[in-house]
Amino acid sequence: TADSLAAGEGFINHNNSVYQLWPPLYPIMLAIPKALFGIKPIYSGWVINGIAAVATILLGGILFRNYIESKHTIWLVVGLFVTFFSPSIFNISINIVSDLFFLCLVLLFLGLLRYYIQKQDRKSLIAITVIVGLAVLQRYIGVVLIATGVISILYSYRQNLNKSLSEITIFSLSALPLSIWMIRNYIVTKTFFGSNRSSSWNNWLINISDTGKKLAHWFLPYSILNEIWLVIIICILIASFFFLFRHRLPSLYKHLTKPTNLPLLIFLIIYFVMINYAIQPNEHKQIYDDRLILPLYIPLWILIALIIDFLVLSNSNEKKTKLVSFLILSLLLIWAISPINTMRKWVQLTFKHQGIPTYNIYNVPMFRNSTLTKFTKEFDIAPDIPLYSNYHGALYIYTQKKSTSPPNKYHELDYYRGSWPSSLPAYLIWYEPNQRNDIFYPDALEELAEFTPIYSSIDGNVFLITQKP
């Protein structure tokens, strides 16, 4: 899409379909360096992700320090530590995906919204309006930031209705960019979000269960979560902690619902509800793929820190503060064993398999150094001949050849008889190792047409597809 934009062709995908399922900010960001300096999107994507990774770590530490009013140094350490040693953040940092930039926008929003509520100045209001305007152009789920901002402003100015309406009017401009994009979508596809997806309320419990497991894994390894008796012991310890400080729980509630802290709670609740409504149960089922819920990661850690700081450290003397800080640091080091080990395994697997081709991840040696890629790049294919590939995104990135995916298993194979390929002859570029289980393999597709291998290597095959004799 970025290449098409840079070439002046508009929002067109690599398979010649109209770009419609996502907002336009990320392809625009990748297209600008291509149009101005000829830099390929894959390289500008690396740069953007690198900058976003550093910004995320710094923002994580800053948010911890700003939200925790006691300003104990331990919370700055915790913020930097849990951000830097997060396998989830590490995963999207080493791949070209747009999630990390969206996460940066979320963290900036939460930090500036708190500053705005404290200072109540117009400059910070304009800043969060711009940030939210960018966020909704990066992810549709960015509308959660609009809802969070509106509720927080209303609550902050609850004693002055006219003032709150005036501020919300300015903030509502953040919805303008998304509104324009939705109108464009409706003109092009007759749908506001580019897809007529059925509601997933009926599957809400399935989504919540799946999300809950991934949230819990941020704090505990699956080896512990899979042992019921260990989970029960941990729940008892957490309940005992709150029982020990039960006399301070009413004050804790008032502390968490202060105008400066409330945005964090509002964001966590609304995002959790909306993301579980928006996704389908069959999406991102892999235990390592938690990128859709990742914007909850740092805010959830901050909420835990707010609770511990208020109940344990807020009225502590210097000696007790040092003791509690040492205990927190010790627990943090123990916690880090699992994520560091996960990151280590991920790196080992990446080198062993020359990259792991999962969802939307093509910046790996498996494709860059593939002999199949080299052959296909040099292979002359007429533009009117249909081209198919099990990794059509990677094929376009490295060869600039547009292709589509082979028939998927959402239908029986007979469903495609007489309609696939769209015309003959055609070609199938099949990468190995293949980790896609949602499509039919070449041996199954041979029932629909004649397959003649014209290139074979350890990296994959090129098949000429013709009519059966």
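Modeller: Please keep in mind that this is a predicted model.

Biologist: Which side chain meets Asp 3 in a salt bridge?

Modeller: The partner of Asp 3 is Lys 34, and the N to O distance is 2.8 Å.

Biologist: Is Lys 34 buried or partly exposed?

Modeller: Lys 34 is partly exposed, at 26% relative accessibility.

Biologist: How many salt bridges does the structure hold?

Modeller: The structure holds nine salt bridges. One of them is formed by the side chains of Asp 99 and Arg 291, with 2.8 Å from N to O. Asp 99 lies in helix α6 (residues 99-119), while Arg 291 is in the loop between α15 (262-278) and α16 (297-313), so this pair ties together parts that are 192 residues apart in sequence. Asp 99 and Arg 291 are both buried.

Biologist: And the one at Glu 447: what is its partner, and where do the two residues lie?

Modeller: Glu 447 forms a salt bridge with Arg 417, at 3.8 Å from N to O. Glu 447 is in the loop between α21 (442-445) and β3 (450-457), and Arg 417 is in the loop between α20 (392-399) and β2 (426-431), so the pair ties together parts that are 30 residues apart in sequence. Glu 447 is partly exposed at a relative accessible area of 46%, and Arg 417 is also partly exposed, at 44%.

Biologist: Which aromatic cluster does Tyr 297 belong to?

Modeller: Tyr 297 forms one aromatic cluster with Trp 218, Phe 219, Trp 301 and Trp 335.

Biologist: How many aromatic pairs are there overall?

Modeller: There are 28 aromatic pairs in the structure. Among them, Phe 84 and Phe 85 are edge-to-face, with 5.0 Å centre to centre and 85 degrees between the planes. Phe 84 is partly exposed, at 47% relative accessibility. Phe 367 and Tyr 431 form another edge-to-face pair, with 5.1 Å between the centres and 85 degrees between the planes. This second pair links distant parts of the chain, with Phe 367 in helix α18 (residues 365-368) and Tyr 431 in strand β2, 64 residues apart. Phe 367 and Tyr 431 are buried.

Biologist: Which charged residues sit over rings?

Modeller: Arg 246 lies over the face of Phe 243, 4.2 Å from the ring centre. The charged end of Arg 248 sits over the ring of Phe 310, at 4.5 Å from its centre.

Biologist: Now the strands. Why is β4 described as largely enclosed?

Modeller: Strand β4 (residues 460-466) has five of its seven residues buried, so the rest of the structure largely encloses it. β4 runs antiparallel to β2, to which six bridges join it, and Trp 430 stands opposite Asn 461 of β4. With β3, β4 pairs in the antiparallel sense over seven bridges, and the two form a hairpin with two residues between them. In this pairing, Ser 456 has Asn 461 as its bridge partner in β4.

Biologist: A last one: where is Thr 376, and what does it contact?

Modeller: Thr 376 is in helix α19 (residues 371-378) and is buried, at 1% relative accessibility. Leaving aside neighbours within four places in sequence, Thr 376 contacts Leu 395, Thr 399, Lys 401, Ile 429 and Val 462.

Definitions and conventions:
Residues are numbered from 1 along each chain as its sequence is written. This is a predicted model: local features need pLDDT of at least 70, side-chain atom pairs count only at pLDDT 80 or more; totals for chains, interfaces and linings use all residues. Side-chain values use heavy atoms; hydrogens and water are left out. A salt bridge is a side-chain nitrogen of Lys or Arg within 4 Å of a carboxyl oxygen of Asp or Glu. Buried means under 20% relative accessible area, exposed over 50%, partly exposed in between (1.4 Å probe, protein chains only). Helices (H or I, at least four residues) and strands (E, at least two) are DSSP runs, numbered from the N terminus. Rings of Phe, Tyr and Trp (its six-membered ring) pair if their centres lie within 6.5 Å; planes under 30 degrees apart count as stacked, over 60 as edge-to-face and the rest as tilted. A charge sits over a ring if NZ of Lys or CZ of Arg is within 6 Å of the ring centre and within 35 degrees of the ring normal. Two strands pair if DSSP finds at least two bridges between them. Contact means heavy atoms within 4.5 Å.
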